[in-house]
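Trainee: I would like to go through the terms used for this structure and see what each one rests on.

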Amino acid sequence: MTAPRPADEPLLRIERLSVRFFVRTSFFATRPIAAVSDVDLDIATGETVALVGESGSGKTTLGRATVHLVPISSGRIVFEGTDIGALDDRELRAFRQRAQVIFQDPFSSLSPYMRVGEIVEEPLVIHGPRSRAERSARVLAALEQVKLSPAAEFAETYPHTLSGGQRQRVSIARAMVLGPDYLVADEPVSMIDASSRAEILYLLKDLQAQRRLTFLYITHDLASARHFADRIAVMYAGRIVELAPAGQLVGEACHPYTKALLAAVPEPDPGNRLRQRAVVGGEPPDAGALPAGCAFHPRCPVAIAGTCERIIPPLVELGSGHQVACHLYPVGGGDGEGSVGSADGSATGDPWGDGLAEADSMTSSAARMPGSSDSG
Ligand SMILES: Nc1ncnc2c1ncn2[C@@H]1O[C@H](COP(=O)(O)OP(=O)(O)OP(=O)(O)O)[C@@H](O)[C@H]1O
Ligand code: SF4
Ligand SMILES: [Mg+2]
């Protein structure tokens with residue numbers, strides 16, 4: 001996959017986006033859940049940005065917010081220069097044709113009572129051409145595009161007769177049939193058998209190359225993110241804590257959380273399978289009761305006492321599009337509010353330094369392996 005840089009006018013611009021859910025705790029009381037907080041991210045036409053992070057870090061919520069599937073609490077989603085929050089119903093329908101989602105679970109996301117042809121045709125019935133003949137032609141073309149061939153036969157089958165990989169191809173055909181420009185792929189291979197995962201990822205890459213699609217690829221798996229994405233954004237507790245070109249993020253990770261994720265990447269070499277792997281210690285925080293300051297501080301072995309538990313670190317540009325939110329990387333290189341600690345972690349030690357180099361080589365080899373896949 002080529003690595004286009006974000007243009008001045010990105011296809012999608014996420015500006016200071018926050019999403020709060022309110023969960024009822026009693027008849028009178030609700031509790032806010034900070035699912036996404038203050039996210040800024042531009043995605044260029046034809047670019048793939050991967051969102052990685054542990055469960056509950058806000059990946060799905062952010063992805064769904066970009067296609068107007070969850071209400072935004074503050075901030076904006078700007079698609080081709082237009083704030084999608086300001087669209088009227090007609091404009092929103094037009095936007096939905098251009099922005100589609102591939103869901104994680106191809107078993108529950110396809111109606112068992114509809115034939116594959118009807119499932120793929122459904123978006124066309126809602127948004128597409130009125131002529132049945134044209135709709136049929138587009139359904140067959142979409143099935144061919146995802147390599148469900150002969151398309152006419154697959155169109156007549158029901159989802160329960162298909163493998164997980166074939167079902168996910170149906171989901172992709174349904175997402176592609178309207179000719180979208182932007183796709184959110186939310187852990188598209190995590191629930192299908194290992195042998196089909198690489199095929200599905202390569203299919204998505206092929207479609208992207210043919211159609212110049214723009215992707216938000218959500219995954220737990222850094223190895224597939226490295227392989228599939230141009231840039232990787234690491235999320236923790238609803239915030240982007242590190243963002244960089246994929247190779248740079250894997251090879252030169254700065255944030256202690258990213259380093260921990262990399263050190264925990266599973267060993268691809270069967271001969272080294274039993275080697276002890278570093279894990280990210282502790283549990284991800286409750287989004288309804290996030291720690292003050294840097295939300296990672298209770299788990300961070302290099303936390304700076306007096307700073308990290310008080311001040312939320314801003315996302316700081318380190319150069320070449322590499323951004324990190326950590327007080328070890330102070331704003332302005334030492335003059336900002338978070339100007340404590342050292343940028344290379346040397347003052348406080350870097351317990352993952354060795355693990356990172358090791359994880360990097362493993363991740364690189366994992367990324368080369370067609371079988372590298374989601375773990376979530
Ligand atoms: N509809 C909802 N109502 C209340 N809380 C929600 C809702 N959707 C998500 N959340 C909460 O928001 C936070 C972020 O959830 P989200 O599903 O976006 O995380 P994720 O990174 O996609 O996790 P996973 O890797 O498990 O899919 C979590 O604490 C989750 O429980
Ligand atoms: S801001 Fe502090 S607690 Fe957070 S990752 Fe950086 S050093 Fe660790
Ligand atoms: Mg999710």
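Mentor: Start with glutamate 80, which has 15 other C-beta atoms within 10 Å.

Trainee: What makes glutamate 80 partly exposed?

Mentor: A residue is buried if 20 or more other C-beta atoms lie within 10 Å of its own, exposed if 12 or fewer, and partly exposed in between, with C-beta atoms placed from the backbone. Glutamate 80 has 15 such atoms and is therefore partly exposed. Its place is the loop between β4 and β5, and its phi is near 50 degrees, a positive value in a residue other than glycine.

Trainee: What should I know about the model and the numbering?

Mentor: This is a predicted model, in which local features need pLDDT of at least 70 and side-chain atom pairs count only at pLDDT 80 or more, while totals for chains, interfaces and linings use all residues. Residues are numbered from 1 along each chain as its sequence is written, and chains are lettered from A and ligands numbered from 1 in the order in which they are written.

Trainee: Why is aspartate 38 called partly exposed?

Mentor: Aspartate 38 has 18 C-beta neighbours inside 10 Å, so it counts as partly exposed. This residue is found in strand β2. Phi of aspartate 38 is also near 50 degrees, again positive in a residue other than glycine.

Trainee: Is aspartate 230 buried or exposed, and how do you know?

Mentor: Aspartate 230 has 22 other C-beta atoms within 10 Å and is therefore buried. It sits in the loop between α8 (222–228) and β9. Its C-alpha atom is separated by 6.4 Å from that of glutamate 47, although the two are 183 residues apart along the chain.

Trainee: Which strands form the open sheet that contains β1, and what counts as pairing there?

Mentor: Strands are DSSP runs (E, at least two residues), as helices are (H or I, at least four), numbered from the N terminus. Two strands pair if DSSP finds at least two bridges between them. The open sheet has 4 strands in the order β2-β1-β4-β5, with antiparallel pairing. At its edges stand β2 (30–43) and β5 (82–83), each with a single partner strand, so one side of each has no neighbour in the sheet. Strand β1 (residues 12–24) and strand β4 (residues 74–79) are joined in the antiparallel sense over 5 bridges, and isoleucine 14 stands opposite isoleucine 77 in β4.

Trainee: Which strands stand at the edges of the sheet with 8 strands, and why?

Mentor: That open sheet runs β6-β7-β8-β3-β9-β10-β12-β11, with mixed pairing. β6 and β11 (316–319) each have a single partner strand, so one side of each is left without a neighbour. β6 and strand β7 (residues 182–186) pair in the parallel sense over 4 bridges, and valine 101 has valine 184 in β7 as its bridge partner. Strand β9 (residues 231–236) and strand β10 (residues 239–245) pair in the antiparallel sense over 6 bridges; there arginine 231 stands opposite proline 245 in β10.

Trainee: Which way do the residues of β6 point?

Mentor: In a regular strand the side chains alternate between the two faces of the sheet. From strand β6 (residues 99–102), Ala99 and Val101 point one way and Gln100 and Ile102 the other, and all are buried.

Trainee: What makes α3 oblique to α4?

Mentor: Helix α3 (residues 116–127) and helix α4 (residues 132–145) pack at about 120 degrees, with their axes 9 Å apart. Angles under 35 degrees count as roughly parallel, over 145 as roughly antiparallel, 65 to 115 as roughly perpendicular and the rest as oblique. The angle between α3 and α4 therefore makes the pair oblique. Axes are lines fitted to C-alpha atoms, for helices over the stretch in contact, and angles run from 0 to 180 degrees between N-to-C directions.

Trainee: How many residues surround ligand 2, and of which classes?

Mentor: A residue is near a molecule if its C-beta atom, placed from the backbone, lies within 6 Å of it. For ligand 2 there are 14, the closest being Cys294, His297, Cys300, Cys308 and Cys326. Ala, Val, Leu, Ile, Met, Phe, Trp, Tyr, Cys and Pro count as nonpolar, Asp, Glu, Lys and Arg as charged, and the others, Gly among them, as polar. The shell around ligand 2 has 11 nonpolar, 3 polar and no charged residues.
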